[in-house]
Amino acid sequence: MSGRQTFEALVLPHLDAAYNLARWLLRDPSAAEDAVQEASLRAFRYIDSLRGDDARAWLLGIVRNTCFTVLERRRSAPEVVEFDESEFEAALGATGHGGSDPAALLEQRKLRTLLDAAIRALSPALREVIVLREFEDLDYAQIAQIAAVPVGTVMSRLSRAREKLRSVLSQSNLGH
Amino acid sequence: MSTEDDDLSALIRQHATHHAAPDGLRASIRTQVALEDARRTPLPAAPRAADAPPRRSWFSFGWGTASTSFALGMLCMALLVPLAQRVNFGEPLDADLVADHVRALQSGSIAEVMSSDRHTVKPWFQGRLDYAPPVIDLASDGFPLVGGRIEHVRGEVVATLAYTRNRHVVDLFVWPSSEHKPTVRQVRRGFNVVHWADGSMQYWAVSDMDREEIESFTRLWQQRTAAQ
């Protein structure tokens, strides 16, 4: 198989996962597109280094590195807060609620808005583990490899992120 | 994992937004990959084709008609793009190099081979270039080598070396030239561009570092290449 065939067969099928991660990490659709584009080209260039690895985790690792490079360049002050309250309020307020929805649907929409806003407000390091674990269903070892941190760090980040999300949900009486 | 965690997981999986890649993205990536692939594959008309064993033909892939047409389209692009690049559109060469420098920084791809060791970077260019650019380590002088990459500049395949200093990056573009040219510094869009040629190679250094720094980089480079 040529490099390009390998890329099309093994890497391209994971484009949605790649975009989802970039979209969550960068919180901006066009920045996410640029990052996935860049990461994909890089993946193609280094396609030979994909040997028997899980192509999805491998691609997500490249996407993740590309996104963190973007984040580093973007931020003017170091992001020390694990949960950005103002980001959360802004994201929560940004979505209008349609008045004509049936009650159940409205409730679901509220829940989505709330969850999205809460994940969005997490620091990039916490957001990353949540997306990889909950959306991509990757195990601790895979996440550790992608984020280039020890497994213990993944577990503690995941637990801090979950705690934060749970507290936000319970405050709004929507969660469990 | 606790039940609490399970509940939260279920909630996120079910209710948080899963972003799917926009349609255009897939197409655009496939096109870019095809272009890059085409650029890498030597063209049938290339002079080197004569002394190399014949490559697999562009027509024997058996991808079906649509893919073959696509490949042919890409081949046309690959033939036309360097031609178009050869034409000077009134933009001086240093403007192109500044654009390449900026693009590499924006995309975070300043090095395809990341290494501060010149014995790693120099061999990396083998088989990618038909010349051997000098690669010099200036770490002891405060300009550590980051790595190298290939740029395509007006139809030339150009070795590009990236060095850093205090978070500034300097790109040094190197390709053959039999001319001798004295060192000339220009400023283009705020970037310092220094050019010289030593009868074997031509050099273009592009960076946002200030004048003294890029001149010191240039001097060091010239002394070291002269000593080799």
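# Exercises on a two-chain model

Chain B holds an open sheet of seven strands in the order E1-E2-E3-E4-E7-E6-E5, with antiparallel pairing. Strands E1 (113-114) and E5 (180-188) of chain B stand at the edges with a single partner strand each, so one side of each has no neighbour in the sheet. The model is a predicted one, in which local features need pLDDT of at least 70 and side-chain atom pairs count only at pLDDT 80 or more, while totals for chains, interfaces and linings use all residues. Residues are numbered from 1 along each chain as its sequence is written, and chains are lettered from A and ligands numbered from 1 in the order in which they are written.

## Exercise 1. The elements of chain B

Task: State how many helices and strands chain B has, and give the order of its elements.

Solution. 
- Step 1. Helices (H or I, at least four residues) and strands (E, at least two) are DSSP runs, numbered from the N terminus.
- Step 2. Under this rule chain B has six helices and seven strands.
- Step 3. From the N terminus on, the elements of chain B run α-α-α-α-β-α-β-β-β-β-β-β-α.
- Step 4. Of the 228 residues in chain B, 25% are buried. A residue is buried if 20 or more other C-beta atoms, placed from the backbone, lie within 10 Å of its own, exposed if 12 or fewer, and partly exposed in between.

## Exercise 2. Pairing in the sheet

Task: Find how many bridges join E1(B) to strand E2 (145-153) of chain B, E2(B) to E3(B), and E5(B) to strand E6 (191-198) of chain B.

Solution. 
- Step 1. Two strands pair if DSSP finds at least two bridges between them.
- Step 2. E1(B) and E2(B) pair in the antiparallel sense over two bridges. B:Met114 has B:Gly147 in E2(B) as its bridge partner.
- Step 3. E2(B) and E3(B) run antiparallel and are joined by eight bridges. Here B:Leu145 has B:Tyr163 in E3(B) as its bridge partner.
- Step 4. The hairpin of E2(B) and E3(B) has two residues between the strands, and B:Arg154 takes a positive phi near 45 degrees in this hairpin.
- Step 5. E5(B) and E6(B) pair in the antiparallel sense over seven bridges. The bridge partner of B:Arg185 in E6(B) is B:Val194.
- Step 6. Helix H6 (211-227) of chain B lies across E3, E4, E5, E6 and E7 of chain B, and runs at about 20 degrees to E6(B).

## Exercise 3. Helices H3 and H4 of chain A

Task: Describe how H3 (29-45) and H4 (55-74) of chain A cross.

Solution. 
- Step 1. Axes are lines fitted to C-alpha atoms, for helices over the stretch in contact, and angles run from 0 to 180 degrees between N-to-C directions.
- Step 2. The axes of H3(A) and H4(A) come within 9 Å and cross at roughly 130 degrees. That makes H3(A) oblique to H4(A), since angles under 35 degrees count as roughly parallel, over 145 as roughly antiparallel, 65 to 115 as roughly perpendicular and the rest as oblique.
- Step 3. The crossing of H3(A) and H4(A) is right-handed. A crossing is left-handed if the near helix is turned anticlockwise from the far one by less than a right angle, and right-handed if clockwise.
- Step 4. Residues are in contact if their C-beta atoms, placed from the backbone, lie within 7 Å. Among those that make the contact are A:Ala35 and A:Ala39 of H3(A) and A:Ile62 and A:Thr66 of H4(A).
- Step 5. The residues of this contact of H3(A) with H4(A) divide into 10 nonpolar, one polar and two charged. Ala, Val, Leu, Ile, Met, Phe, Trp, Tyr, Cys and Pro count as nonpolar, Asp, Glu, Lys and Arg as charged, and the others, Gly among them, as polar.

How values were computed: Contact = placed C-beta atoms within 7 Å.
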